Amino acid sequence: MIDIRKFDTLGHANHGWLDARHHFSFASYNDPKRMGWGALRVWNDDAIAAQSGFPPHPHRDMEIITYVRTGAITHRDSMGNSGRTAAGDVQVMSAGTGVTHSEFNLEDEETTLFQIWIIPDLEGGNPGWGARQFPKADRSGQFVTLASGIEGDDALPIRANARVAAATVNAGASVSYDLEAGRHAYLVAAKGRIRVNGEEADPRDGIALRDVGTIKVEALDDAELVLVDSL
């Protein structure tokens with residue numbers, strides 16, 4: 001099956017400093033039909049104004065992956081970690097038994113990002129954080145794994161049987177991803193119009209897939225893709 005969730009149907013909250021779209025129920029946005037997709041619980045599409053951000057707040061028992069689209073985000077947490085993650089790169093926080101963190105856009109321009117929450121396989125465990133640079137050229141024309149809890153993947157670790165992958169695809173080219181039986185995929189084009197298994201989608205539409213075997217993505221424009229594969 002394939003279900004395309006158009007960008008203009010997503011949950012929306014504009015707080016001035018934060019303009020957020022919610023692919024799944026989150027905060028004041030509640031849709032019983034959009035509570036998650038497999039172990040994927042949250043996919044927020046955030047635009048954060050310059051010199052603003054999220055003050056310290058707690059999390060627990062969640063794998064939180066941040067994919068920066070433009071600008072940069074600066075992270076600090078109660079474990080003593082700090083770091084700046086720039087466009088095209090990824091950071092991962094395993095909340096475990098509990099952690100407090102802040103996320104600020106300290107740049108002089110707007111930052112846009114996807115924040116993805118995946119339910120861990122097991123509750124508890126020590127919290128952790130990590131970031132990694134992933135030059136776009138390394139994923140040109142193919143999916144590259146950015147974060148994963150699947151054995152054998154070379155990526156930032158998460159505590160879930162899930163994978164976050166990304167690809168850049170030139171207009172007119174295509175890329176494929178094999179989805180194993182019983183798993184769920186959720187795909188978003190950060191930019192560019194695409195065709196997925198024959199169905200057209202616009203930038204930042206959400207595309208939920210299951211029981212399709214191979215996912216074939218054709219780029220109608222130069223495209224940047226982010227995909228979550230989970231149980």
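This is a predicted model: local features need pLDDT of at least 70, side-chain atom pairs count only at pLDDT 80 or more; totals for chains, interfaces and linings use all residues.
**Close-up views: cavity and pocket**

View 1. A cavity is a set of points, on a 1 Å grid over the protein atoms alone, where a 1.4 Å probe fits but cannot get out. The largest cavity has a volume of about 40 Å³; a volume is the space filled by probe spheres set on the points, which are joined across faces, edges and corners.

**View 2. Lining of the largest cavity.** Lining residues have an atom within 4 Å of a point. Here they are Ile64, Thr66, His75, Gln91, Val92, Met93, His101, Glu103, Gln115 and Trp129. Strand 6 (63–70), strand 9 (90–94) and strand 10 each give two or more. Strand 9 has the largest share, three residues. Strands are DSSP runs (E, at least two residues), numbered from the N terminus.

**View 3. The largest pocket.** A pocket is an open set of points with protein on both sides within 12 Å along at least five of seven lines. The volume of the largest pocket is about 270 Å³. Its lining comprises 17 residues, with Leu18, Phe26, Asn44, Phe54 and Gln115 nearest the centre.

**View 4. Strands around the largest pocket.** At least two lining residues each come from strand 3 (18–22), strand 4 (40–48), strand 5 (52–59), strand 10 (99–105) and strand 11 (111–118). Strand 5 gives the most, four residues.

**Notes.** Residues are numbered from 1 along each chain as its sequence is written. Local features need pLDDT of at least 70, side-chain atom pairs count only at pLDDT 80 or more, and totals for chains, interfaces and linings use all residues; side-chain values use heavy atoms, without hydrogens and water.
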